[in-house]
Amino acid sequence: MNYDLIEYNLVLIGWVVALLLGMALLVIKVPETAGHTSYSRGKKTGAIVILLFGAEIFFQWLIRFYLQIADPMLSVSAYLFTFFVAAMMISGGFCSMMAPMLFTRRQRIISICLATFYLCLLIVVYFLPGKRLQSYGILLCCGLLFLLACACIYKCIVIYRKAINDLRTYYSDVVENLIRWMPGVGFGIMLFMLSAPITCLCPRWIGINQLALGIIMMIYTFVCVINFSLNYNKVAVAITTPADEKDVDEPKNVENEEAMSAASSLNDTLCDILHEKAQRWVERGGYRTPGITIEHVARDMGTNRSYLSRYLNELCHVNFYEWVARLRIEEAQSLMSTHPSMLIEQIATRVGFTSASTFSSTFKKIVGITPNKWRNQL
């Protein structure tokens, strides 16, 4: 197999793809609003990361195929430095989009210092005398990259879990489906960051396969960032607004003045009022509305998001996502019992789910088994 020809074509394809996608992310405009500031910063970071990978691919093509410089140390050093900087920028961009308050100026300065230190270390290793010392130096650099990748992955997982919890409190079918792309992208990025130190020490064909997967990963990440941008306003409402600032309006149509004065917790009167309103809303089947959010329900019930959220958390011991999901699943179970011939897709649509797959995964999460298995047990 002609590895030279395969690698040459892949390098050219990767460079062109990275250049086009990176430039596209830079020129795509987002609304100039305060709410989009974090997304705009994250989008630019993503564009720079893609262009950085493109620059590294072009550099490899330049020295290996154009200038024909056979210097493995130079190639490995450029490769490791690119992944080191990309790991920090990816985690920073992720923070900017999902939790901008957690990515401070101090952390940016630390990231720049770490990148500078790593570059200096690679330069020192490159000029070490003797192949043995250079090999040990590269192993040290690989170990540092692996540790940084693990730290970045841990930070992203913590942020992702927090964002998911906030989204589940907010709840929207659209946002719930949208946010599912993140584990896929995150897993791919983690895999590449962790495999980078190992790949550079592996046979050539492994590096070629990783390059091909990297091109696919760049395209997939680009598509996901674009999809994320279409619904960023909804995501930002749920995850970037401090909890104590999400609801500043007084509850509407609450008849008792004592209820109006409730602040940090609910009194008995307000609990009774909200319970009655919630019961009426459930009896009307409001939970069947696709794409429902807590703002819609609060407005429909005649209160606000803060009071409804407190009622569900303190009295029902569930968040908004769990409440709506359980109501839908209970009706779905009733439909499966009374209409055994009804298709799962029809049941999912009738109770308010946007797809049968979402219904099945939610059903299994709450009941413990799939809808079909539950129906077969009747």
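**Aromatic contacts and a helix**

Ring pairs link Trp15, Phe58, Trp61 and Tyr66 into a cluster, where rings of Phe, Tyr and Trp (its six-membered ring) pair if their centres lie within 6.5 Å, and where planes under 30 degrees apart count as stacked, over 60 as edge-to-face and the rest as tilted. The model is predicted, and local features need pLDDT of at least 70, side-chain atom pairs count only at pLDDT 80 or more, and totals for chains, interfaces and linings use all residues. Residues are numbered from 1 along each chain as its sequence is written, and side-chain values use heavy atoms, with hydrogens and water left out.

**Aromatic pairs**

- By the ring-pair rule, the count comes to 14 aromatic pairs.
- One of them is the edge-to-face pair of Tyr126 and Phe127, with 5.1 Å centre to centre and 90° between the planes.
- Tyr126 is partly exposed at a relative accessible area of 26%, whereas Phe127 counts as exposed at 62% relative accessibility; buried means under 20% relative accessible area, exposed over 50% and partly exposed in between, with a 1.4 Å probe and protein chains only.
- Phe363 and Trp374 also form an edge-to-face pair, in which the centres are 6.2 Å apart and the planes make an angle of 75°.
- This pair links distant parts of the chain, with Phe363 in helix H16 (residues 356-367) and Trp374 in helix H17 (residues 371-376), eleven residues apart; helices (H or I, at least four residues) are DSSP runs numbered from the N terminus.
- Phe363 counts as buried at 0% relative accessibility, and Trp374 is buried as well, with a relative accessible area of 16%.

**Charges over rings**

- The charged end of Arg310 sits over the ring of Tyr307, 5.6 Å from its centre, which under the rule requires NZ of Lys or CZ of Arg within 6 Å of the ring centre and within 35 degrees of the ring normal.
- The charged end of Arg328 sits over the ring of Phe353, 5.2 Å from its centre.

**Helix H11**

- Helix H11 (residues 268-283) has 16 residues and should span 22 Å at 1.5 Å a residue, which agrees with its end C-alpha atoms being 22 Å apart; the expected span is 1.5 Å times one less than the number of residues.
- The buried residues of H11 are Leu270, Cys271, Ile273, Leu274, Lys277, Ala278 and Trp281.
- The exposed residues Asp268, Asp272 and Glu283 are carried on the face of H11 turned away from its buried side.
- Gly285, whose phi is positive, near 75°, follows H11.

Key. Helices (H or I, at least four residues) and strands (E, at least two) are DSSP runs, numbered from the N terminus.
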